[in-house]
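Please read these points with the model open beside you. They cover charge pairs, aromatic rings and a surface patch.

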Amino acid sequence: MTKIKHVSWRDGRPRFQPSRSLREAGQVGRDLKHPDGTWFTMGEALDWSNAFVKRLTKEKADKVVPVKPAPAPARSVYPLSKLFEDWLVSPRIKAKKAATQKDYKQKSRVIETHDPDLWASEVPALDQPICYALYEELWEERGLATARGAMRVLSIAIKWGMKTGKVRGLAYNPARDLGMEQLKPRARFLQRIELDTLIATAESDQFKRIDMADMFICGVWTGQRQSDRLGLKLSAFRGGRFDLQQNKTDAIVNPPVAPEYQKRLTAAKRRRMKAGKTSDFAHLNEATWERWNHYTYRNLFAEIRTKAAEKVPSVATIKEKDFRATAVTWMALAGATLPEICAVTGHSLQGAHQILKHYLALHPEMATTAIDKMVAWYDRNGETAIRL
């Protein structure tokens, strides 16, 4: 919590706490409340402290006995909690996808639960040191990713408040330009032995979950996100391809169905017919013959991964999202260009490049391919002169 001079906090409530010298001069501690009994917010306590210190300094210079605590400042009318309440129901946010709205609410809750006093303070009382202190506290207690996400949402909300005129008195956005640390990129894709081990483990006598093995194959051979794969419908498959509008970005992809994946779809269809079940979803939880839910799928994946790691220890570090990164990487190793990869996975060019740049350039096969291509060009008497 931000330190305020001469103010202590008890259960999130401020109190004037005079030093020994001030007590000897006649000052008496008291709760910092408004006349109506409501407690000062953090910003109001900070304003009170600044005014009190200024008065003490003046009295000391004039050699006058310190005055009584300064009167309470005007009641805050627009606290941070109200800013988020208004921003989250604004047309700008309501126009976004439900998942994005949920993400914004979760990140705002991080701030609320971490520092209730800051949450109750008025927005104009925020400055860059306060915001930076919040960022470092969140980093230490919740991790860098959470800290960055919460501060980014705080900055967006304040920007909206300033543009709409709901926040006045700020010369700049105090949550911007904090110089936050960048997250280290995750550079992970599956080796063939890791994928084969996960599939074998899922289909083993211990689990007997061929439906989970199907999902692993689907991830690698479609390059789609988990949510899109779990919701993939049979009606999307036509003429050896499938149409999909991705939930997160609305990107539309229409890639062909790879033979490895088609074999899985065909076998799953036979099992479904044998069980007398019908559904438009391409993949079902075959323990219940219902659509997969994310909770069940994540827990099963974690159990299978743990068991598979007993045979291949590196499997323990695999995350579900690595199936999608594997698709990008394997296509690149096969010689696919970035635009070709993006046409399959729906990544932006920048997103696909981010996946590849941290480790693919170091892959020996890529280096071998590069030299082979240069040798072939050179042997063809490749031209170096620029023809105008």
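1. D103 and K107 join their side chains in a salt bridge, 2.5 Å from N to O. The term means a side-chain nitrogen of Lys or Arg within 4 Å of a carboxyl oxygen of Asp or Glu. Both residues sit in helix α5, four residues apart, about one turn of the helix. Helices here are DSSP runs (H or I, at least four residues), numbered from the N terminus. D103 counts as partly exposed because its relative accessibility is 23%. K107 is buried, because its relative accessible area is 18%. The cut-offs are under 20% for buried, over 50% for exposed and in between for partly exposed (1.4 Å probe, protein chains only).

2. This is a predicted model: local features need pLDDT of at least 70, side-chain atom pairs count only at pLDDT 80 or more, and totals for chains, interfaces and linings use all residues. Residues are numbered from 1 along each chain as its sequence is written, and side-chain values use heavy atoms, with hydrogens and water left out.

3. Helix α5 also holds R109 and E112, three residues apart, about one turn of the helix. Their side chains meet in a salt bridge at 3.0 Å, N to O. R109 is partly exposed at 45% relative accessibility. E112 is partly exposed too, at 25%.

4. Which residue forms a salt bridge with D214? It is R264, with the closest N and O atoms 3.0 Å apart. This pair links distant parts of the chain: R264 lies in helix α12 (residues 259-275) and D214 in helix α10 (residues 210-222), 50 residues apart. Both R264 and D214 are buried. The whole structure has 16 salt bridges.

5. A98 lies in helix α5 (residues 98-114). This residue is exposed, with a relative accessible area of 63%. A98 and N247 are 149 residues apart in sequence, yet 9.8 Å apart in space, C-alpha to C-alpha.

6. F84, W87, Y104 and W119 form a cluster linked by ring pairs. Rings of Phe, Tyr and Trp (its six-membered ring) pair if their centres lie within 6.5 Å. The count is 14 aromatic pairs.

7. A surface patch of positive charge gathers R92, K96, K159, K163 and R176. Patch residues have over 30% relative accessible area and no salt bridge, and like charges are joined within 9 Å. K163 is found in helix α8 (residues 144-164). K163 is exposed, with a relative accessible area of 67%.

Note on methods
Patch = residues over 30% accessible without salt bridge, like charges linked within 9 Å, V, L, I, M, F, W, Y side chains within 5 Å. Areas by Shrake-Rupley, 256 points an atom, 1.4 Å probe, with all protein chains shown as cover. Lys, Arg positive; Asp, Glu negative; His and termini not counted. Charge placed at Lys NZ, Arg CZ, Asp CG, Glu CD. Helix = DSSP H or I, 4+ residues; strand = E, 2+ residues; numbered from the N terminus. Phe/Tyr/Trp six-rings, centres within 6.5 Å; stacked < 30°, edge-to-face > 60°.
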